[in-house]
Amino acid sequence: MHGEYKIPGGKLVVVDLEAEDGVLRHVRVAGDFFLEPDEALDAVNRALEGAPADTDAAGLAARIDAALPEGTVMYGLTSEGVGIAVRRALAHATDWTDYDWQLVHEAPQSPALHMALDEVLTAEVAAGRRPPTLRVWEWASPAVIIGSFQSLRNEVDAEAAERHGVEVVRRISGGGAMFVEPGNTITYSLSVPEALVRGLSFQDSYAYLDDWVLGALGDMGIRAWYQPLNDIATDQGKIAGAAQKRLVGHGGSAGAVLHHVTMSYDIDADRMLEVLRIGREKLSDKGIKSARKRVDPLRRQTGLPREAVIERMISSFGARYGLTQGKVTDEELARARELASTKFSAPEWTARVP
């Protein structure tokens, strides 16, 4: 069995092993990490040898920590990262480079249609009819997108939204409300087979699926990191929020994961504060006095036009994993338009949690 795990902000860990009689055998750990002293690698392998095959990543990490020589230094490597690579090997997880990735980046579309496209394209990936897809959104109009389980009235000032021409839609994933404007927001979705995140905890899958964008931001001079559960942050403030939805497969397919991210390129903070009801409790919980300080736009941090930021993100993804230009098929678009009309524009869905 073979498992790989790119530690967010770190290096690649590769594990080859066998499972015999419920325990790990012939364990070999490798990768492009740095580890001192040399004998520490043998200690890692010995610590995993004979471990029960159902040991979780934290338990495997504890075995490794207990076996490491005193003074061991790891750079780009963590004990838990090794444990996750083992779990992925046992789960027969796939790797990014096992797939032919497709890019979808089309003309601006309505907020409701974007919600529908996420559902349709991810369902197609789950069914095996579409390759794993990176979709970069273009917004036709300003919107507030609330999480699947959020209260509509608690999150949005309906009068202010109407006054500013801001459409309110509800997505299929959880998480918090996002305020978007066509020229000020960068949004992308990943529709991926479930096998890509197999062996990862729900929390680890967030950072794993966005490690590429942290690298892209780094190339633009921004030191960014994942702030659990679902924020991408810099020392200047939060710049993005992520959300996920797992779709169960049918007819023998394993299913797929929708992972989407909204990034603030620029922001009209005054309008956002009028439309969103950002509660004092949420702000005090984050230790922030002003909502304006919660989001720090990419425009200021990069000095680049929005289109250039998007182009560099796409180029970074393609350099890592390969990427071919694709499009939404006529059949997918027809299904998405129907969903946008019957579900994502319907009050029954938008106000399903009043």
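**Exercise 1. Decide whether aspartate 268 is buried, partly exposed or exposed, and find its salt-bridge partner.**

Step 1: Aspartate 268 has a relative accessibility of 27%. Buried means under 20% relative accessible area, exposed over 50%, and partly exposed in between, with a 1.4 Å probe and protein chains only. Aspartate 268 therefore counts as partly exposed.

Step 2: Its side chain meets that of arginine 271 in a salt bridge, at 3.8 Å from N to O. The term stands for a side-chain nitrogen of Lys or Arg within 4 Å of a carboxyl oxygen of Asp or Glu. Arginine 271, at 28%, is partly exposed too.

A word on the model before we go on: it is predicted, so local features need pLDDT of at least 70 and side-chain atom pairs count only at pLDDT 80 or more, while totals for chains, interfaces and linings use all residues. Residues are numbered from 1 along each chain as its sequence is written, and side-chain values use heavy atoms, leaving out hydrogens and water.

**Exercise 2. Work out which elements are linked by the salt bridge of lysine 6 and aspartate 211.**

Step 1: The N to O distance of this pair is 3.0 Å.

Step 2: Lysine 6 sits in strand β1 (residues 2–6) and aspartate 211 in helix α8 (residues 211–219), 205 residues apart. Helices (H or I, at least four residues) and strands (E, at least two) are DSSP runs, numbered from the N terminus.

Step 3: Lysine 6 is partly exposed at 24%, whereas aspartate 211 is buried at 4%.

**Exercise 3. Find what the salt bridge of arginine 163 and glutamate 274 ties together.**

Step 1: The closest N and O atoms of the two residues are 2.9 Å apart.

Step 2: Arginine 163 belongs to helix α6 (residues 158–163) and glutamate 274 to helix α9 (residues 269–275), so the bridge ties together parts 111 residues apart in sequence.

Step 3: Arginine 163 is exposed, at 56%, and glutamate 274 is partly exposed, at 36%.

**Exercise 4. Describe the surroundings of glutamate 124.**

Step 1: Glutamate 124 is placed in helix α4 and is buried, with a relative accessible area of 6%.

Step 2: Beyond neighbours within four places in sequence, glutamate 124 is in contact (heavy atoms within 4.5 Å) with Arg129, Arg130, Glu332 and Arg335.
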